[in-house]
Each structure stands twice: as structure tokens, then as C-alpha cells.
Amino acid sequence: VQQVMDTSNVTRFAFHSQPGAQGIGMLFDHLPHANSMLVRLMPGGVMGNAEFDMMSEKVIRARFDYTNEVDSCAVEYVFEHKADRPRELSFSINGVEFTRVIGEDYRQQLIVNGNSIGITDPFRVSIAKFVDAVRGVGEPLISRSEIMENARLQDDLIASYSRMR
């Protein structure tokens, strides 16, 4: 993403994915992925003004503000159930849209502004960096503070969703 745009001042972030689960299971399955991107872009944030304006077994849309000491960001997550693969995943930062495409042999790329950027599977990268860190070589991809922030944000969003149901 940083090859394409400056991410130092994120004011809008949107994430759309197609979980295989339904209902609240979509949140359990895909919130950690959406949150990990948001937390990386805007560390130390706090959620506010959460609303769920679409809540069904097939579609959940959450909107909220995410604010840290420096910036405030308008966030929208949309999860739409899809039973079979391939499942789409896209996100946008300040209106710049990125779409993940998975090809043969699980090769992945991001499409942005009509250009294709080859990427390594983020899950594979995270596991490799974790294993290296356990062996004493380097740091994990995701820090302890990012994990805790992601978990807090997930808990807050699921609690808000449950109150609105």
C-alpha cells in the first residue's frame, strides 16, 4: 500500500469482505483482519460512535470513528456472506480502492488504479515472521500492542453489535 500512497494521514478507511460464516460469525471471522489493517494505519486508536445500519444473517455493515492522539478516521466495514470461493476482499484508504485477487496456486495481487501489485499471502508472512521471532531472529509482523488493540476493538464492536440486536 505504501508503494502507492502516503498513509501518514488516514481520514477514511473502508473494508469489504465475504466471510463463509453468517450472522455474528462474520464478525468473529473477519473483524480481526479489518482491524489489523486499521490498527497498523492508525496505532493507538479508540472507537467511537459505532452504528450498525445493516444487520442480517447475510450482511453486516458497521460504521464508526477511530481516533488516536493525532488523527480521526471515518471507518466502514461491510461483511457479506458468500458460501463458496473465491471470496472477494477490498479496502480503501482515503478513497483509494485496493482489491485483492487470488489466482492459481494461491498467488495474490492487489489491484489499484488499474495496476497489479504482486503480494505474498499476508498470513504466510505473519507465520514465517512469528516462527523466526520464536527462533530469536527478528520480530513478529504484528506487535503485542497491535494484537491487544485489535482485540479491544473487536470486543468493542461485537459488544456494540450485540446491544443493537
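**View 1. The lining of the second largest pocket comprises six nonpolar, two polar and one charged residues.** Ala, Val, Leu, Ile, Met, Phe, Trp, Tyr, Cys and Pro count here as nonpolar, Asp, Glu, Lys and Arg as charged, and the others, Gly among them, as polar. The model is predicted: local features require pLDDT of at least 70 and side-chain atom pairs count only at pLDDT 80 or more, whereas totals for chains, interfaces and linings use all residues. Residues are numbered from 1 along each chain as its sequence is written, and side-chain values use heavy atoms, with hydrogens and water left out. Helices (H or I, at least four residues) and strands (E, at least two) are DSSP runs numbered from the N terminus.

**View 2. The largest pocket has a volume of about 1,800 Å³.** Among its 43 lining residues, His33, Ser36, Met37, Pro122 and Phe123 are the closest to the centre. Two or more lining residues come from each of S1, H1, S5, strand S6 (96-102), S7, strand S8 (115-119), helix H2 (122-134) and H3. H1 supplies the largest share, nine residues. By class, the lining has 22 nonpolar, 13 polar and eight charged residues.

**View 3. Phe13, Leu38, Phe64 and Tyr77 touch the most other members of the 34-residue largest nonpolar core.** Elements giving two or more residues to this core are strand S1 (12-17), helix H1 (24-41), strand S2 (46-55), strand S3 (59-67), strand S4 (72-80), strand S5 (89-93), strand S7 (108-112) and helix H3 (144-164). The largest share, seven residues, belongs to H1. Such a core is a set of buried Ala, Val, Leu, Ile, Met, Phe, Trp, Tyr and Cys residues joined through side-chain atoms within 4.5 Å. Residues up to four places away in sequence aside, Phe13 touches residues including Ala34, Leu38, Val75, Tyr77 and Phe91; contact means heavy atoms within 4.5 Å.

**View 4. Val39 is a residue of helix H1.** Val39 counts as buried because its relative accessibility is 1%; buried means under 20% relative accessible area, exposed over 50%, and partly exposed in between (1.4 Å probe, protein chains only). Not counting residues up to four places away in sequence, Val39 touches Tyr66, Glu146, Glu149 and Asn150. Although Val39 and Asn150 are 111 residues apart along the chain, their C-alpha atoms are separated by 6.6 Å.

**View 5. Strand S1 pairs with S4 in the parallel sense over six bridges, and five bridges join S1 to S5 in an antiparallel arrangement.** Two strands pair if DSSP finds at least two bridges between them. Arg12 has Ala74 of S4 as its bridge partner, while Phe15 has Phe91 of S5.

**View 6. S7 and S8 form an antiparallel pair with five bridges.** Gln109 stands opposite Gly118 in S8. The hairpin of S7 and S8 has two residues between the strands, and Asn113 takes a positive phi near 50° in this hairpin.

Note on methods: On a 1 Å grid over the protein atoms alone, a cavity is a set of points where a 1.4 Å probe fits but cannot get out, and a pocket is an open set with protein on both sides within 12 Å along at least five of seven lines; lining residues have an atom within 4 Å of a point. Grid points are joined across faces, edges and corners, and a volume is the space filled by probe spheres set on the points.
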